[in-house]
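This briefing goes through one protein chain topic by topic. Please keep the sequence and the model open while reading.

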Amino acid sequence: MALASISESLAFLLGALTKMPAVQAFSYYAAVAVFFDFLLQITAFAALLSLDAKRIESKRVDCFPCIRVNPTQLEEENESKEVITPLINLNHTQARHKDDGFLKSFVRNYYAPFVLHPITKVFVIVGFIALFLAGLNFSFQLQLGLDQRVALPRNSYLQAYFTDLAQYLAVGPPLYVVIRDGYDYSTFQAQNQICTVGGCNNNSLVNVYDGAPYIAQNTYSWLDDYLAWTQTPLCC
């Protein structure tokens, strides 16, 4: 597992050699994620397995650890397992004589005593709470969408275009107001409910959207263009 995790992390790091920022960010993220997943497998996962082993020894239910199993039911299960118990103990004693690997020796002799030290426990809890609060704070600062400049090489000729577009034309996504079929545009009263030119209602549909929050620019209506065209000498 150690060799596989290290090889996968190095393989993802090779993707960081590209000039595309999006691919570089993904490569760094994937490499770090695989490496920390390996660390969690040899630390947190092993710790959870030991807790589950203690739960089994205390005869507690797996999904409901607060509930103990009926003693009479345990006796029946133990009688059915007496036949395979000597074989399991034999395999266990044979496994003890095998030499421990470097990783197991390091965790047993150095890592576990360091983590179980009372001062280390305090630092772990404080660090976890700090990281959780920091992640919660930064989660509200995430921007929606992907910057198009990230998907392009740094020396692309489109970088300057998207930079100017983000600097001078950053107005957000467009908003369209659609009036369904059946609306009668032939009457002046119906037109005044939509248009914004002189003589239209102040609370017309377009005027309401012009005064709405988060609207960067004025709302354009085809009816305003049509009414302005009817007042020109080129019309009818």
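Which residues is Leu227 in contact with, leaving aside its neighbours within four places in sequence? They are Gln191, Cys195 and Val197. The model is a predicted one, and every value below is computed from it.

**Overall layout**

- The chain has 11 helices and zero strands.
- Its pattern along the sequence is accordingly written as α-α-α-α-α-α-α-α-α-α-α.
- Of the 236 residues in the chain, 12% are buried.
- The accessible surface of the chain is about 19700 Å², and carbon and sulfur atoms account for 65% of that area.
- Taking contacts between residues at least 6 apart in sequence, 38% join residues that are at least 24 apart.

- A disulfide is a covalent bond between the sulfur atoms of two cysteines.
- The structure holds one disulfide.
- The disulfide of Cys195 and Cys200 is left-handed because the torsion about its S-S bond is about -110°.
- Both Cys195 and Cys200 are buried.
- Cys195 is also one of the residues in contact with Leu227.
- Cys66, in contrast, is exposed because its relative accessibility is 74%, against a cut-off of over 50%.

- Ser9 is part of helix α1, which covers residues 2-14.
- Ser9 counts as buried because its relative accessible area is 8%, and buried means under 20%.
- Beyond its neighbours within four places in sequence, Ser9 is in contact with Ala31, Val34 and Phe35.
- Ser27 is part of helix α2, which covers residues 21-42.
- Ser27 has a relative accessible area of 4%, so this serine is buried as well.
- With neighbours within four places in sequence set aside, the contacts of Ser27 are Phe12, Gly15 and Ala16.

- Side chains of opposite charge can pair when their charged atoms come close.
- The structure has one salt bridge, and it joins the side chains of Asp52 and Arg55 at 3.0 Å, N to O.
- Asp52 and Arg55 both sit in helix α3 (residues 44-57), three residues apart, which is about one turn of the helix.
- Asp52 is partly exposed because its relative accessible area is 33%.

**Loop between α3 and α4**

- Arg60 is located in the loop between α3 and α4, the latter being residues 71-81.
- The relative accessibility of Arg60 is 27%, so Arg60 counts as partly exposed.
- Not counting residues up to four places away in sequence, Arg60 touches Arg55, Pro65, Cys66, Ile67, Arg68 and Val69.
- Among these contacts of Arg60 are Arg55, a partner in the salt bridge, and the exposed Cys66.
- Arg60 and Asn70 are 10 residues apart along the chain, and their C-alpha atoms are separated by 9.6 Å.
- Ile67 is in the loop between α3 and α4.
- Ile67 is partly exposed because its relative accessible area is 45%.
- Leaving aside neighbours within four places in sequence, Ile67 is in contact with Lys59, Arg60 and Val61.

**Nonpolar surface patch**

- Ile125, Phe128, Ile129, Phe132, Leu133, Leu136 and Phe140 make a nonpolar surface patch of about 810 Å².
- Phe140, one of the patch residues, is located in the loop between α7 (118-139) and α8 (158-168).
- Phe140 has a relative accessible area of 70%, so this residue is exposed.

Conventions. Residues are numbered from 1 along each chain as its sequence is written. This is a predicted model: local features need pLDDT of at least 70, side-chain atom pairs count only at pLDDT 80 or more; totals for chains, interfaces and linings use all residues. Side-chain values use heavy atoms; hydrogens and water are left out. Contact means heavy atoms within 4.5 Å. Helices (H or I, at least four residues) and strands (E, at least two) are DSSP runs, numbered from the N terminus. Buried means under 20% relative accessible area, exposed over 50%, partly exposed in between (1.4 Å probe, protein chains only). Patches are made of residues with over 30% relative accessible area and no salt bridge: like charges are joined within 9 Å, nonpolar side chains (Val, Leu, Ile, Met, Phe, Trp, Tyr) within 5 Å. Accessible areas come from the Shrake-Rupley method with a 1.4 Å probe; for residues, only the protein chains shown count as cover. A salt bridge is a side-chain nitrogen of Lys or Arg within 4 Å of a carboxyl oxygen of Asp or Glu. A disulfide is a pair of cysteine sulfur atoms within 2.5 Å.
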